[in-house]
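This report describes one protein model from its overall layout down to single side chains. Please keep the sequence and the structure in view while reading.

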Amino acid sequence: MDPSDFPDDLVRTQQAWNATYRALAAPGPRNTTALRRRLLRLSVRLWWHPYWSTAHSVPAARMRLRELARTRNEAQAA
């Protein structure tokens, strides 16, 4: 699956989900309620994105999206 197959908004949402999850998992997070609510909203956006109705292998595509978002976050941090 080519990374360009994913819509930009879906990749950005996954990146935001990853960042929110990391913030919540950090030692002594602040504003845990806000972070949990944000994580829930992002999860809903990810799960119900229209892209999934056209994906051939949804479980594999979801895993590839997670990997793509993770590598883009690492590239941006470098």
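A charge sits over a ring if NZ of Lys or CZ of Arg is within 6 Å of the ring centre and within 35 degrees of the ring normal. By that rule, the charged end of Arg62 sits over the ring of Trp47, 4.2 Å from the ring centre. Arg62 also lies over the face of Trp52, at 4.3 Å from the ring centre.

The model is predicted: local features need pLDDT of at least 70 and side-chain atom pairs count only at pLDDT 80 or more, while totals for chains, interfaces and linings use all residues. Residues are numbered from 1 along each chain as its sequence is written, and side-chain values use heavy atoms, with hydrogens and water left out.

**Overall layout**

The protein chain has three helices and zero strands, and its elements run α-α-α from the N terminus on. Helices (H or I, at least four residues) and strands (E, at least two) are DSSP runs, numbered from the N terminus. Taken along the principal axes, the C-alpha atoms of the protein chain fill a box of roughly 40 × 30 × 20 Å.

Of the 78 residues in the protein chain, 29% are buried. Buried means under 20% relative accessible area, exposed means over 50%, and partly exposed is in between (1.4 Å probe, protein chains only). A contact means heavy atoms within 4.5 Å. Among the contacts in the protein chain with a separation of 6 or more, 66% come from residues 24 or more positions apart.

**Helix 3**

Helix 3 covers residues 58-77, which is 20 residues, and reaches 28 Å from its first C-alpha to its last, close to the 28 Å expected at 1.5 Å a residue. The expected span is 1.5 Å times one less than the number of residues in the helix.

Which residues of helix 3 are buried? They are Ala61, Arg62, Leu65, Leu68, Ala69 and Asn73. Seen down the axis of helix 3, these buried residues fall within an arc of 130°, so they line one face of the helix. The arc is that of the directions from the helix axis to the C-beta atoms. What covers the buried residues of helix 3 includes helix 1 (8-25) and helix 2 (32-47). On the other side of helix 3, Pro59 and Ala75 are exposed.

The structure holds one salt bridge. In it, the side chains of Arg64 and Glu67 meet at 3.8 Å, N to O. Both residues lie in helix 3, three residues apart, about one turn of the helix. Arg64 is partly exposed, with a relative accessible area of 25%, and Glu67 is partly exposed at 31%.

**Aromatic pairs**

A pair of aromatic rings is described by the distance of the centres and the angle of the planes. Rings of Phe, Tyr and Trp (its six-membered ring) pair if their centres lie within 6.5 Å; planes under 30 degrees apart count as stacked, over 60 as edge-to-face and the rest as tilted. A search of the whole structure finds three aromatic pairs, and the table includes two of them.

| Pair | Centre distance | Plane angle | Type |
|---|---|---|---|
| Phe6 and Tyr51 | 5.4 Å | 55° | tilted |
| Tyr51 and Trp52 | 5.1 Å | 75° | edge-to-face |

Phe6 lies in the segment before helix 1 and Tyr51 in the loop between helix 2 and helix 3, so the pair ties together parts that are 45 residues apart in sequence. Phe6 is buried, with a relative accessible area of 4%. Tyr51 counts as buried at 12% relative accessibility, and Trp52 is buried as well. Phe6, Tyr51 and Trp52 form one aromatic cluster.

**The loop between helix 1 and helix 2**

Asn31 lies in the loop between helix 1 and helix 2. Phi of Asn31 is near 55°, a positive value in a residue other than glycine. At 60% relative accessibility, Asn31 counts as exposed.

Pro29 lies in the loop between helix 1 and helix 2 too, and counts as partly exposed at 28% relative accessibility. Not counting residues up to four places away in sequence, Pro29 touches Ala23, Leu24 and Leu35. The C-alpha atoms of Pro29 and Thr71 are separated by 24 Å, with the two residues 42 apart along the chain.

Methods:
A salt bridge is a side-chain nitrogen of Lys or Arg within 4 Å of a carboxyl oxygen of Asp or Glu.
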